[in-house]
Amino acid sequence: MMSQEKVPAAPAGSGSEQAQAPGKLEATLIEQRATGRKLLVPYVTAGMVPDWPEMVSAALDAGADAVEVGVPFSDPMMDGPAIQEASRRALVLGTSIQGVVAAIAHLNAIGTPAPLFIMSYYNILFRLGLKRAALTLARAGITGAVLPDLPLHEATAWISEAAEAGIANVMLVAPTTPDDRLRSICNAASGFVYGVGRMGVTGEQTDLARTSRQVAARLKAATSLPVIVGVGISTPEQAVEVCQDADGVIVGSGVVRRIMEGSSPGEITRFLGSFRRALDAG
Amino acid sequence: MIRENPRSDDPSRSSAPLVSEPPNHAAPGARKDNPMGDPGPRGYFGDFGGQYIPESLVPACQELEASFRTAWSDRSFRETLDGILHNYAGRPTPITECKRLSDELGVRVLLKREDLTHTGSHKINNVLGQALLAKRMKKTRLIAETGAGQHGVAAATAAALFGMDCVVYMGEVDVHRQELNVFRMKLLGAEVRPVTTGSRTLKDAVNEALRDWVANVGQTYYCIGSVVGPHPYPWIVRELQTVIGTEARSACREILNGADPDVVVVCVGGGSNAAGTFAGFAGTTAQLIGVEAHGGAAMTRGIPGVVHGMKSMFLQDEDGQILEASSISAGLDYPGTGPEHAWLGSTGRVRYATADDVEVLDAFSLLARLEGIIPALEPAHALAFVIRAARAGEIPSGASVLVTLSGRGDKDVAQVLEVIGP
Ligand SMILES: Cc1ncc(COP(=O)(O)O)c(C=O)c1O
């Protein structure tokens with residue numbers, strides 16, 4: 001692991017956790033980036049099919065550098081049709097945060113080649129209690145959390161609980177985020193910074209939005225944290241293109257749609273393998 | 001004023017503390033004489049409110065708050081809006097004293113007649129203000145969510161008046177339940193987009209409108225229909241509905257020889273007609289009661305949560321998954337309540353109660369028969385509470401009771417026919 005100093009930024013709402021050594025998610029991603037490779041971070045909605053942990057393993061088999069596990073919420077405001085439907089199915093199947101955490105703990109006990117982190121909506125953690133939520137995630141070996149409905153100015157309490165529990169607080173930056181705010185967000189984030197590639201919700205797109213590379217370039221100029229772009233990255237070509245500026249990509253809706261259409265774990269590995277090869281070839 | 005009824009088994013019916021002196025808890029920035037003040041730049045009413053939105057929408061909400069602050073303190077904006085409310089929407093609305101209903105109940109019932117506004121409900125007060133603001137912000141496209149269709153119709157009306165494009169999101173279930181309102185919106189030139197995700201009702205329509213806003217934020221103004229959503233919406237909508245309370249207070253003083261009503265009772269869905277009414281009386285000694293649908297009682301049966309951009313009270317399971325509300329009135333079919341209500345409930349300034357479908361239908365019929373006014377099913381909840389509380393002696397005889405009649409019942413007549421038969 002290499003120690004990583006962050007670019008001094010505008011005074012942020014965070015503070016004390018900046019002094020801490022980077023957690024596992026951040027350290028791993030920085031290490032991989034240092035080898036010169038681009039980062040591949042697939043997303044799977046937990047509970048959308050009974051064998052979803054095998055889908056996480058399938059993503060890892062494809063050479064993922066980390067896997068984002070979605071904890072389903074009844075009102076996924078930032079998600080498009082595919083992840084909405086996956087979330088709905090997961091809830092119909094009785095998926096709960098406790099179940100997801102237990103399943104991830106099990107995967108971690110067997111051993112994963114790359115870190116797992118979660119994405120969910122704030123209410124799920126709020127209901128659990130922020131301290132308890134952070135400890136629960138940390139104990140299961142979950143390395144970070146992305147909460148798309150928790151912007152910087154509401155995140156103070158969560159940032160300190162997450163830091164105390166040693167899990168990364170991945171934060172999002174949008175194409176509309178002004179520069180000074182972007183710097184404050186980078187300063188408060190840990191793990192990586194999630195560049196929102198387009199103005200819109202998650203979902204597959206035929207074209208890469210021009211904003212995807214723009215947000216990546218702006219972030220790269222502002223932070224030494226890994227910069228990973230998600231929302232609308234649907235093909236290996238798009239991934240390669242955005243990685244001319246970004247350190248990596250998140251691939252979500254394409255994975256989730258294929259799983260809903262009945263793809264086997266092997267097919268998911270092959271699908272994500274095409275991203276891995278394209279990114280490695282550059 | 002209102003006495004407890006110890007025999008009741010409904011927690012919302014018996015938990016009322018006797019509030020004689022309203023506590024004057026002030027929100028940050030609130031004026032001393034009006035506890036319903038400015039929630040400040042972060043939009044908090046006590047612990048409730050805030051701005052729990054995707055980063056993509058943060059600049060838009062900040063722009064909206066700044067624009068509203070400027071417009072609201074701009075005399076010419078206020079005068080323009082007042083003119084439209086007067087000449088187009090028919091304000092001020094009267095207060096009607098219900099002689100026969102009062103005799104029947106032994107309390108003095110006054111109705112604030114929002115049913116007499118253009119489009120037939122208080123929703124018009126909000127949309128005219130927001131559409132005027134949208135124009136001022138140079139937005140060309142108005143989007144809205146709707147449940148029953150009242151807010152959708154109002155938004156489509158305002159869009160027609162101001163020459164803006166209008167898209168209304170409506171749950172597929174509600175599209176079928178409210179065919180006539182869907183047709184009205186189309187006549188007014190709006191596009192109605194059925195929402196087929198989630199429970200396919202109002203809460204999903206809000207999600208879909210928010211998703212549209214994220215994708216089209218530059219040109220689009222999201223005209224939210226109640227005192228819900230991220231800051232500054234709960235504050236903007238309350239300010240725009242305060243005209244109800246302000247008018248009602250001065251009209252009541254004329255009728256009641258300078259006194260305020262003893263009790264003010266208003267129905268609560270998201271809570272906009274209630275917030276607007278309460279804002280006129282929060283600084284008085286009137287007892288304030290908000291009445292929710294039994295199947296949508298976020299204040300009485302919900303717990304704190306964070307959804308639709310706000311920290312407030314929601315019906316949800318232990319895991320924090322939001323539940324579906326269910327009520328005979330589509331306008332109260334929302335599993336949450338605005339953050340200012342969450343705060344007013346937590347301080348005890350407002351008491352929240354519920355009314356069930358059966359007593360609501362009785363109240364609906366009683367007002368029609370005794371006063372010649374067919375109310376919307378939403379305010380029939382407020383009437384149902386008054387009828388129950390007066391008959392139980394919870395409201396002492398002779399007390400004066402103001403009820404906001406938030407809308408007319410025309411939209412509900414077909415549904416009531418189906419339920420109670422010809
Ligand atoms: C007539 C009427 N009253 C009340 C409501 C509930 O909304 P709010 O609680 O925001 O006043 C509605 C909503 O559709 C309505 O149509």
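Predicted model: local features only at pLDDT ≥ 70, side-chain atom pairs only at ≥ 80, totals over all residues.
## Helix H6 of chain A

Helix H6 of chain A spans residues 130-139. Its buried residues are A:Leu130, A:Ala133, A:Ala134 and A:Leu137. Viewed down the axis of H6(A), these buried residues fall within an arc of 95 degrees, so they line one face of the helix. An α-helix has 3.6 residues a turn, so residues three or four places apart point the same way. On the other side of H6(A), A:Arg132 and A:Arg139 are exposed.

What do the buried residues of H6(A) pack against? Three of the partners are helices of chain A: H4 (97-110), H5 (122-128) and H7 (156-165). The others are strands of chain A, S3 (116-119) and S4 (144-146). After H6(A) comes A:Gly141. The phi of A:Gly141 is positive, near 80 degrees.

A:Thr112 sits in the loop between H4 and S3 of chain A. A polar atom of the A:Thr112 side chain lies 2.9 Å from the backbone oxygen of A:Ala114. Setting aside neighbours within four places in sequence, A:Thr112 is in contact with A:Leu60 and A:Leu107.

## Cavities

How many cavities of 30 Å³ or more does a search of the whole structure find? The search finds eight. The largest cavity holds about 370 Å³ of space. It is lined by 32 residues. Those closest to its centre are B:His122, B:Lys123, B:Gly225, B:Gly331 and B:Leu332.

Several elements of chain B give two or more residues to the lining of the largest cavity. They are strand S5 (141-146) and helices H6 (150-162), H9 (202-215), H11 (272-281) and H15 (377-391). By type, the lining residues divide into 11 nonpolar, 17 polar and four charged.

B:Glu378 belongs to helix H15 of chain B. Is B:Glu378 buried or exposed? Its relative accessibility is 8%. Buried means under 20%, so B:Glu378 counts as buried.

Beyond its neighbours within four places in sequence, B:Glu378 is in contact with B:Cys267, B:Ser329, B:Ala330, B:Gly331, B:Leu332, B:Ser406, B:Lys411 and B:Asp412. Two of these contacts, B:Gly331 and B:Leu332, are also listed among the residues closest to the centre of the largest cavity.

## Cis peptide bonds in chain B

Two proline bonds deserve a look. The peptide bond from B:Arg91 to B:Pro92 is cis, with omega near -5 degrees. B:Pro92 lies in the loop between helix H3 (75-87) and strand S3 (95-98) of chain B.

The peptide bond from B:His231 to B:Pro232 is also cis, with omega near 15 degrees. B:Pro232 is in the loop between strand S8 (220-222) and helix H10 (233-255) of chain B.

A:Val231 is not a glycine, yet its phi is positive, near 80 degrees. The residue is found in the loop between strand S7 (227-230) and helix H10 (236-242) of chain A. A:Val231 is buried, with a relative accessible area of 7%.

B:Lys138 is not a glycine either, and has a positive phi of about 65 degrees. Its place is the loop between helix H5 (123-136) and S5 of chain B. Where A:Val231 is buried, B:Lys138 is exposed, at 68% relative accessibility.

## A link between the chains

B:Thr197 is in the loop between strand S7 (191-195) and H9 of chain B. It counts as partly exposed, at 22% relative accessibility. Which residues does B:Thr197 contact, leaving aside its neighbours within four places in sequence? They are A:Gln84, B:Asp204, B:Glu208 and B:Arg211.

The side chains of B:Thr197 and A:Gln84 are joined by a polar contact of 3.2 Å. Within chain B, B:Thr197 and B:Asn207 are 10 residues apart along the chain. Their C-alpha atoms are separated by 9.4 Å.

## Helix H9 of chain A

A:Gln214 lies in helix H9 of chain A, residues 210-222. This residue is partly exposed, with a relative accessible area of 43%. A:Gln214 and A:Arg198 are 16 residues apart along the chain, and 9.8 Å separates their C-alpha atoms.

How values were computed:
Residues numbered from 1 in each chain as written. Chains lettered and ligands numbered in written order. Heavy atoms only, no water. Buried < 20%, exposed > 50% of the residue type's maximum accessible area, 1.4 Å probe, protein only. Helix = DSSP H or I, 4+ residues; strand = E, 2+ residues; numbered from the N terminus. Arc of directions from axis to C-beta. Contact = heavy atoms within 4.5 Å. Polar contact = N/O pair within 3.5 Å; in protein donor to acceptor, adjacent residues only side chain to side chain. 1 Å grid on protein atoms, 1.4 Å probe; cavity = no way out; pocket = protein on both sides within 12 Å on 5 of 7 lines; lining within 4 Å. Points joined across faces, edges and corners; volume = space filled by probe spheres on them. Nonpolar A, V, L, I, M, F, W, Y, C, P; charged D, E, K, R; others polar.
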